[in-house]
Amino acid sequence: INRNQNVANDAEGHWQDAVPTISDGRVLLTPRDSDQLHCLDLVDGRVLWRKARGQSYYVAGVQNGNAIVVGRNDVQAWKLADGKAAWREPIPIPEPSGRGFRTGRFYHLPLSTSEMATLDLQDGRLLVRSKAADGQAVGNLVSAGGVVVSQSVDKLTALKSLTQIDKEIATGLQKNADDALALAKRGELHLHRGREEAGLLDIRRSVELQPTPRTKSLLAETLLDGLRHDFATYRKYAEEMRSLIDDPSAKSRFLRLHAAGLQQVGELEAAFTEYLRLAGPEIGKPRLEKTDTLLASRSDRWVRPRIQGLYAAAVGDRRAGMQQAFQRELQAAIKTEGPDRLRRFIAGFDGLPVADRARRELIERLDEKQQGLELEQLLSRLRKSGDPTASAFATAKWASLMISHGRPQDARHFIAEL
């Protein structure tokens, strides 16, 4: 086991492919003993630029003067001319499971999620992710003669040709023009071929006829990456995305993208509303999520400073409106049985005055014998509150606890503070 783990760590710590890539009078080198991507002049061998490898795995090729580099969690493009970023941001992806193949401006990449993704290398977009028909892992992909072959650890698998799939879809739609499954498949193929408008049209119709989790997710994921890539164009689909998404993780990603986009264009009240949703119970229990290609953060910790920033910048009626919204959220948490909703509220709104009121409510609900450590942490934090009433409440609670534990001498210290 240790030997296999070391092999895996070694693969992640080096370039996985050291074969040079030559294009446009440049040579791209990825030596396994180097932590950099090197770009050399093909004629005289001069080093033109270097880039840190980071978590990159291999150079997928060159498209329109840009070096396409596939990494553990993203795909990025560097300009051959000067090594600068060619896209506004890398394309976030699950970890790849091998090398892909290119058709024109599109790159088809196998993923460790048993999917094949199609990327638009010109615009820096993830167009679609399709699950393998049998749910098996997809390996290195090779395309020849209209057939795609997957090479995994222990087998070679020939995937259905596009011609064969096109015929099956056409046959299904001839029999029934409203065949939801055939429409979804045709829409999916449109997306893989870069025909987004036609693809979305077919998938929307399929969802309208038969809203399966698969087709809803397919439509939502395409729109979500559009929102990431071009907020101004795709923001009009926000309510459609909201209605399509059932998965809490995808819902969290939508709220992050939508709120951040609204804030960036100056629509602060709308952004605040989305941040409130992200801090509330709508997305379920807080979990560790990828917030960009390198970092992961719990959703409540990601949203907290953004709410605090909007509140700090607000004045007059806007600040008063935010305070009312905080109170509504607090009252909803108080009315919910058990401590979990209050814990979630504190995590999302910590640093704001309303969080101390939530702490007081939570303290009253905790069982000292079973949740003693949490109770002590809450009381210690509340004693440091800038609100004298909240601080006095915590101090009095400490004194009461000391007396109930038969420690009157310690209780006197807290009583003296009161």
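Trainee: Which residues of β10 are buried on one side, and which on the other?
Mentor: F106, H108 and P110 are buried on one side, and Y107, L109 and L111 on the other. Both faces of β10 are covered. Buried means under 20% relative accessible area, exposed over 50%, and partly exposed in between, with a 1.4 Å probe and protein chains only. Strands are DSSP runs of E with at least two residues, helices are runs of H or I with at least four, and both are numbered from the N terminus.

Trainee: Before we go on, what are the ground rules?
Mentor: This is a predicted model, so local features need pLDDT of at least 70, side-chain atom pairs count only at pLDDT 80 or more, and totals for chains, interfaces and linings use all residues. Residues are numbered from 1 along each chain as its sequence is written, and side-chain values use heavy atoms, leaving out hydrogens and water.

Trainee: OK. How many bridges join β9 to β10?
Mentor: Three, and the two strands run antiparallel. Pairing here takes at least two DSSP bridges between two strands. F101 has H108 in β10 as its bridge partner. β9 and β10 form a hairpin with two residues between them. G104 in that turn has a positive phi of about 65°.

Trainee: And how many bridges does β10 share with β11?
Mentor: Six, again antiparallel, with β11 covering residues 115-120. P110 has M116 in β11 as its bridge partner. That hairpin has three residues between the strands.

Trainee: Where does S114 sit?
Mentor: In the loop between β10 and β11. S114 has a positive phi of about 60°, although it is not a glycine.

Trainee: Is S114 buried or exposed?
Mentor: Its relative accessibility is 12%, so S114 counts as buried. Now take D24, in the loop between β1 (21-23) and β2 (26-29). D24 is not a glycine either, and has a positive phi of about 50°. D24 counts as exposed because its relative accessibility is 56%.

Trainee: Which residues lie nearest its centre?
Mentor: P92, R228, R253, R256 and L257, out of 49 lining residues. α5 gives the most to that lining, with 12 residues. The lining divides into 21 nonpolar, nine polar and 19 charged. Ala, Val, Leu, Ile, Met, Phe, Trp, Tyr, Cys and Pro count as nonpolar, Asp, Glu, Lys and Arg as charged, and the others, Gly among them, as polar.

Trainee: What about the second largest pocket, how many residues line it?
Mentor: It has 42 lining residues, with M116, S130, K131, A133 and I165 nearest the centre. β10 is among the elements that give two or more residues to that lining. The largest share, seven residues, comes from α3.

Trainee: Last one. How many helices and strands are in the chain?
Mentor: 16 helices and 17 strands. The radius of gyration is 27 Å, well over the 22 Å that the globule rule gives for 418 residues, so the chain is more spread out than a compact globule. That radius is taken over C-alpha atoms, and the rule is 2.2 Å times the number of residues to the power 0.38.

Notes
On a 1 Å grid over the protein atoms alone, a cavity is a set of points where a 1.4 Å probe fits but cannot get out, and a pocket is an open set with protein on both sides within 12 Å along at least five of seven lines; lining residues have an atom within 4 Å of a point.
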